[in-house]
Every structure is written in structure tokens, then in C-alpha cells.
Amino acid sequence: MFCPNCGSKNSDEAKFCESCGTILSPDQNGGAQAMGSGGPSPDPHASRQRAADDTAPINPNDYSGQWMGEQRGNEFQRESKSTADKVKIPLLIGASVVLLLALAFLGAQIFLPKGRGKGGGGENTVATVEEQPADMTDGNYRQGIQAYEEGKLLEGAKYLSRVPQDSKNYESAQNYLRQIHDLEVNDLQQLYVDGEYLKVYDATKEFLAIYSDSDVLRGLKDNSFEEIARQKNQALDEKQRELDEQLAAAEATKADAEAELNKAQEARKKAEKEAQKKNTPRYTPWDFIDTTQVVQVSEANVRYGPGLDYGVAYIAYKGYVVYVSDAVADGERVWCYIGDGWISSRTLTGEL
């Protein structure tokens, strides 16, 4: 079939000209005519003549006004269709990107577990769980997840460890248990570095009841126990050292006190000895009784009685010879009776 507009050859089944886009319709004679509303058809000989020379302009007299309007409408439809196709492509691409982002966000909300911050110190990053089981009717699994998200790791691990192997939640529970183990190990290692050995020891004992095959937790427990024992021994050693120092100080004080006491006792004995020596006369009364003595001092008082409390009867001068018929000891002195009075032995021996 040939196009009545440009004369180009098209297939018999074509509805539009492949060259100019004119609407084609087969006629009863095997030719083609432009689709219109009953206006006169163009001259086919004239169309073939124009096809022979592509540069020849189209004669508007060969076509009716109605056919020309249809031609312009067809061209407008083709331009509109091309413009719409150009607009649809970016829109489809944008819609696809938005849809992919929405699906990624939805997947993250479903499959990623919530993180948790523990103990008021910075937040720990939680690894993702590979799957999120649909069965949340399992009480142990549900309570374990809730405790985990609230930061109660020990409680969560206890619940999750009770999920049976034949449960569809078992693999997910094991994933959570591994995460809890890693989180707790990180926290306990930091506490160990900070010197909180008692906290580490108590926590590892409880977690080892669940993670009995964890060499890391067991190592933390043993090391913390050794540190606790070392600290206790160190404290005992320091206490013993303090007691030893106090005892040494007390013993030194005691030694000083004993030395002072001994010194005082020696001084007292010396004073007593001196006093005794001073108060003890060198002579006894028997050294003078029935003897003749000579006054050795320039003047000697002869008293009425044996003592300084008695009055002076007279004075005997140096060289005066006396006979002692009796004598009486009186402290430092011996009083000698010379017949008419008492005279001190010191005046007779010259001790004054």
C-alpha cells in the first residue's frame, strides 16, 4: 500500500504511514486513501509524481481542506505522544527510587532490633538479628526480647535460654543470646579495667550459669577473683603493718617509760642513801661512854638535856677536857653527858 500523502510504500496491514504518519485505510481496489469525513480523495497519479521527487513541494490544491485538517491533527497527536513519553520516563524512575527507599526503610524497621544503653555509661552498638520470627506467642522469647530491649541483659538471657530447640524462635533466640554475651563481655571488660573487680566477679558468676561454655566470662571471673584476693591480702598486709608500727611505737614508749622509771628509782635510791648517810651518825653512844674527850671546836654549848631543844647551861672552849659517863644517840649526833650537862659529840670529834 502506498501513502496518498507522500507516496511512500507501506505494508498492507499498516494503519499509519511510516514516513509521514498519515492515517492509512485500504480500499477495495488494493490502494490506499486518507481517512476523512467523505471529502474528495487526492489524485493517485499526482501522489506518485511527487514521490518521484522528494524535494517537490506538496500542492495544496490536490487535497481538500478537510483532509489537510486531519493531517495537522495527526501531526499534533504524534508530537503530544512523543512529549508524554519523554515526561513519563523520569516520573517512572523517580517513583521506582521512592518505592525502593520505602521498602528498605520498612525492612530495617522489621528486621533490625533496637539498641540499648546499659548502666548510664555510653551506648553500645547492637548487631542485627538475622531474622525476626513471626511467633511472638512464645512467652520466654517475648519476655526475653523485652528485657533485652530494656537493657536487662541477665534477665533477657535467662528467658531466651529457655526457648526449646524445636521452636521456630530458637535460632533468633540464639542470635540474641550471642549478642547479649558480647555486650556483657564488653561491659565487664571495661569494669575490670576500671578496677571494679567485685562487680565483675558477681556478674560473671550469674552469666556463667547461662553461658557455661564461655571461656571469656570464665577468664574474667578467675582474674577478678585473683584481684579481689590480692586486694584483700594487700589490705591485710597494710593493716598488719600499721599494727606492727603501732606496737613498735608502744614498745618504744614503754622502753622510754621504763628508762625514765629506772632513772627515777636510781635517783630515789641515791637520795635515800644520801639521806640515810646524812642522818646516820658516824659514832655510836658506846664510842664515848666511859671515855675522856677534848673539845675540838672554839666554843661548844653544854646543854641541860640531850638535844637542841634544851637550853645552854654554859660554854666549853677549845681544849676543855671532859669525862663522858653516859651517851644518847639523836639522829646525826650523839649527846654525851659530862656530869653537869650534855655536849654534842661533833664538838668533841671536830665534825662541825
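I start with Asp-290, which sits in the loop between α7 (215-279) and β5 (291-294). Helices here are DSSP runs of H or I with at least four residues, strands are runs of E with at least two, and both are numbered from the N terminus. Before going on, the provenance: this is a predicted model, where local features need pLDDT of at least 70 and side-chain atom pairs count only at pLDDT 80 or more, while totals for chains, interfaces and linings use all residues. Residues are numbered from 1 along each chain as its sequence is written, and side-chain values use heavy atoms, with hydrogens and water left out.

Asp-290 is not a glycine, yet its phi is positive, at about 60°. Its relative accessibility is 53%, so Asp-290 counts as exposed. The cut-offs are under 20% relative accessible area for buried, over 50% for exposed and partly exposed in between, with a 1.4 Å probe and protein chains only.

Now the helices. Two packed helices are described by the angle between their axes and the distance between the axes. The axes are lines fitted to C-alpha atoms, for helices over the stretch in contact, and angles run from 0 to 180 degrees between N-to-C directions.

Take α5, residues 170-193, and α6, residues 197-208: they pack at about 160° with axes 8 Å apart. That makes α5 and α6 roughly antiparallel, given that under 35 degrees counts as roughly parallel, over 145 as roughly antiparallel, 65 to 115 as roughly perpendicular and the rest as oblique. Their crossing is left-handed, which is the label when the near helix is turned anticlockwise from the far one by less than a right angle; clockwise would be right-handed.

Which residues of α5 and α6 meet? On the α5 side they are Ile-180, Glu-184, Leu-188, Leu-191 and Tyr-192, and on the α6 side Tyr-197, Val-200, Ala-203, Thr-204 and Phe-207. Contact means heavy atoms within 4.5 Å. By class, that contact has eight nonpolar, one polar and one charged residues. Nonpolar covers Ala, Val, Leu, Ile, Met, Phe, Trp, Tyr, Cys and Pro; charged covers Asp, Glu, Lys and Arg; the others, Gly among them, are polar.

Helix α5 also packs on α3. Those two axes come within 11 Å and cross at roughly 30°, so α3 and α5 are roughly parallel. This crossing is left-handed. From α3 the contact uses Tyr-141, Ile-145 and Tyr-148; from α5 it uses Ser-172, Ala-173, Tyr-176, Gln-179, Ile-180 and Leu-183. Seven of these residues are nonpolar, two are polar and none is charged.

Last, the rings. Rings of Phe, Tyr and Trp (its six-membered ring) pair if their centres lie within 6.5 Å, and planes under 30 degrees apart count as stacked, over 60 as edge-to-face and the rest as tilted. By this rule there are seven aromatic pairs. One is Tyr-141 with Tyr-176, edge-to-face because the planes are at 75°, with centres 6.5 Å apart. Tyr-141 belongs to α3 (residues 139-149) and Tyr-176 to α5, so this pair ties together parts 35 residues apart in sequence. Tyr-141 is buried at 0%, and Tyr-176 is buried at 2%. Phe-207 and Tyr-211 form a stacked pair, 6.3 Å centre to centre with 20° between the planes. Ring pairs also link Tyr-141, Tyr-148 and Tyr-176 into a cluster.
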